[in-house]
Amino acid sequence: MIRHIVMFSAKSPDNIDAVYNGLKMLESIEGNWVLTVTKNKKVDQIENEIDVVVYGEFPDQDALDTYKSHQIYQDCIDVVRPLRDKRIAVDVAA
């Protein structure tokens with residue numbers, strides 16, 4: 001299994017909802033994986049720069065590649081990229 005975690009910060013606080021809503025499109029991509037998009041609760045005592053998190057569990061690299069090649073994934077990039085500042089992604093074998 002691969003845990004795919006991507007963290008986003010918006011360019012402006014006014015863009016957080018738009019980034020969140022744009023990323024929520026990803027949840028509509030059907031496949032044999034789990035994917036959720038959530039807003040950061042920002043309760044950490046040290047750092048709260050991240051606004052939205054995409055968390056996915058994919059059975060293998062082929063499933064992750066299928067997800068990333070979907071048209072909705074590209075549509076999401078087109079919406080979110082102009083609104084985001086940071087994007088931090090990690091893929092962790094589980």
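**Close-up views of a predicted model**

**View 1. Helix α1 meets helix α3.** Helix α1 (residues 16-24) and helix α3 (residues 71-80) have axes that come within 8 Å and cross at roughly 170°. Axes here are lines fitted to C-alpha atoms, for helices over the stretch in contact, and angles run from 0 to 180 degrees between N-to-C directions. The two helices, α1 and α3, are therefore roughly antiparallel to each other (angles under 35 degrees count as roughly parallel, over 145 as roughly antiparallel, 65 to 115 as roughly perpendicular and the rest as oblique). Where they meet, Val19, Gly22 and Leu23 of α1 touch Cys76, Val79 and Val80 of α3; contact means heavy atoms within 4.5 Å. Sorted by class, this contact of α1 with α3 has five nonpolar residues, one polar and no charged ones. In that sorting, Ala, Val, Leu, Ile, Met, Phe, Trp, Tyr, Cys and Pro count as nonpolar, Asp, Glu, Lys and Arg as charged, and the others, Gly among them, as polar.

A quick word on the model: it is predicted, so local features need pLDDT of at least 70 and side-chain atom pairs count only at pLDDT 80 or more, while totals for chains, interfaces and linings use all residues. Residues are numbered from 1 along each chain as its sequence is written, and side-chain values use heavy atoms, with hydrogens and water left out.

**View 2. The four-stranded sheet.** Look for an open sheet of four strands in the order β2-β3-β1-β4, with antiparallel pairing. Helices (H or I, at least four residues) and strands (E, at least two) are DSSP runs, numbered from the N terminus, and two strands pair if DSSP finds at least two bridges between them. At the edges sit β2 (34-39) and β4 (84-93), each pairing on one side only. From one strand to the next, the twist averages 10°. Helix α1 packs on this sheet, touching β1, β2, β3 (52-58) and β4, and its direction makes about 170° with that of β2. Helix α2 (residues 61-68) also lies across β1, β2, β3 and β4, running at about 35° to β1.

**View 3. Strand by strand.** Start with β1 (residues 2-10), which pairs with β4 in the antiparallel sense over eight bridges. Two of the partners to pick out: Arg3 has Val92 as its bridge partner in β4, and Ile2 has Ala93. Between β1 and β3, which run antiparallel, there are seven bridges; here Val6 stands opposite Val54 in β3. Six bridges join β2 to β3, again running antiparallel. Strand β3 is mostly covered, with five of its seven residues buried.

**View 4. Glu57 in strand β3.** Glu57 is found in strand β3. At 23% relative accessibility, Glu57 counts as partly exposed: buried means under 20% relative accessible area, exposed over 50%, partly exposed in between (1.4 Å probe, protein chains only). Setting aside residues up to four places away in sequence, Glu57 touches Met1, Ile2, Arg3, Trp33 and Val34. Its side chain also makes a polar contact of 2.5 Å with the side chain of Tyr55. A polar contact is a pair of N or O atoms within 3.5 Å; within protein, one must be able to donate a hydrogen and the other to accept it, and residues adjacent in sequence count only if both atoms are side-chain atoms. For a sense of scale, the C-alpha atoms of Glu57 and Arg87, 30 residues apart along the chain, are separated by 19 Å.

**View 5. Asp51 in a loop.** Now find Asp51 in the loop between β2 and β3. Asp51 is buried, with a relative accessible area of 7%. The side chains of Asp51 and Lys42 are joined by a polar contact of 2.4 Å. Leaving out neighbours within four places in sequence, Asp51 is in contact with Phe8, Ser9, Ala10, Ile16, Thr38, Lys39, Asn40 and Lys42.

**View 6. Asn21 on helix α1.** Back in helix α1 you'll find Asn21, which is partly exposed, with a relative accessible area of 47%. The C-alpha atoms of Asn21 and Val79 are 58 residues apart along the chain, yet separated by 9.4 Å.
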